[in-house]
Amino acid sequence: MLPFLAAPRRYILCPAATLELAYLRRRLVERGGWLRLLDGLLILFCVGVAATPLRIYVTHETRSWIFLMMTIITGLHFAVALRTLLLAGNSITREKRWWDEFVLTGLDARQIVLGKWWAIIRYTAGSHLFVALLRLGLALAYTQYMHKGFNPLKCPFGGAAFCHVSYGYFLTGNGFNIAYEFEPLQPPLWKIVLAGLILVIFALLEVALLSAIGITSALMTSRNLRVFLAIAMRGILFIAAVLSIFATETNWRIVNAVSAYDCTPYYYPGMFAFVCPEWALLMETTELGIATFGDNGNFIAAMVMRPVGNDLFVFRNVAGSAFIGVVLYGIALWLALRVAQILVIRQKALRPYNSG
């Protein structure tokens, strides 16, 4: 990946990239009219589902909308991800039919791997960005869900990270007679734009990682097993993300048990929040960063849009989670591309010109 960033034209304009992209675009043109019509109807349906929080303010009573949105958007994401893995694997499998002739073209291992990788990204990035747009609607729905209808001592499932740090509760009453009112609040436009940018970044990282995994799996095993291997490789990261999301659910109890209720209440003007020890926030920051392998930044986007009493305090931790997620994606992507280059060299491809 780093050589690609240093000299992208060497890989964007190489035959491995241009021919692969031309092949994929030719296949797209050959799609029938009925398939394009179905694609259009599917797009309209998904956009309508993602726009739910603009029509219905999602609360605990209407939380079934979140489950519906999550099922549809996650299903679409899985289909897009599987298509990306298949296209990436096919890009190598096709060349294996005449591999000896292919490696005699003079392309080195990096050009073969990074060229194919870039072509798959170019072809499938639009689908992943569309899913990111849908995820913005899901994040907004979850923001509403976290804000309204919950006791401040209990955070909704999946939203426990930083939930107790600063929560948009409006206080009424005095003394022991405090009522927690949850007025419907839509985040300002700048928060929505920032959340959307986060989702776009992780969507691009996701398509890059899936393309690399698809290519690597095709080089590691036969055609019949490469799909299962690719799903397993991506699935390991997904399982780590799910475990991390569940880990955030236990932090509240751990903090209370270890620090003797050290998450102390703090009162902003007209609002209520908890301030927790730095080690607990660091733990949640790391867990939310790992969770990006499963939700592609959805929880982070929801935290950004959530109404809070102190934006800078929460954004510090959310920015840390986003940074950790980007770094982890970068490491996984580098490893997948590096393994792919090693496998191509072992299959008679030329070593990169500057590798010695």
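**View A. Packing of helix α4 against helix α6.** The axes of helix α4 (residues 33-50) and helix α6 (residues 64-96) come within 10 Å and cross at roughly 140°, which makes α4 oblique to α6 (angles under 35 degrees count as roughly parallel, over 145 as roughly antiparallel, 65 to 115 as roughly perpendicular and the rest as oblique). This is a predicted model, in which local features need pLDDT of at least 70, side-chain atom pairs count only at pLDDT 80 or more, and totals for chains, interfaces and linings use all residues. Residues are numbered from 1 along each chain as its sequence is written, and side-chain values use heavy atoms, with hydrogens and water left out. From α4, Leu 42, Phe 45, Cys 46, Val 49 and Ala 50 meet Met 69, Ile 72 and Leu 76 of α6, where contact means heavy atoms within 4.5 Å. By class, this contact of α4 with α6 has eight nonpolar, no polar and no charged residues.

**View B. Packing of helix α9 against helix α13.** Helix α9 (residues 189-220) and helix α13 (residues 298-305) pack at about 170°, with their axes 9 Å apart, and the two are therefore roughly antiparallel to each other. On the α9 side, Lys 191, Ile 192, Leu 194, Ala 195, Ile 198 and Leu 199 meet Asn 298, Ile 300, Ala 301, Val 304 and Met 305 in α13.

**View C. Cysteines Cys 14 and Cys 46.** Cys 14 is buried, with a relative accessible area of 3%, and Cys 46 also counts as buried at 3% relative accessibility (buried means under 20% relative accessible area, exposed over 50%, partly exposed in between, with a 1.4 Å probe and protein chains only). The structure holds zero disulfides, a disulfide being a pair of cysteine sulfur atoms within 2.5 Å.

Definitions and conventions:
Axes fitted to C-alpha atoms, helices over the stretch in contact; angles between N-to-C directions. Helix = DSSP H or I, 4+ residues; strand = E, 2+ residues; numbered from the N terminus. Nonpolar A, V, L, I, M, F, W, Y, C, P; charged D, E, K, R; others polar.
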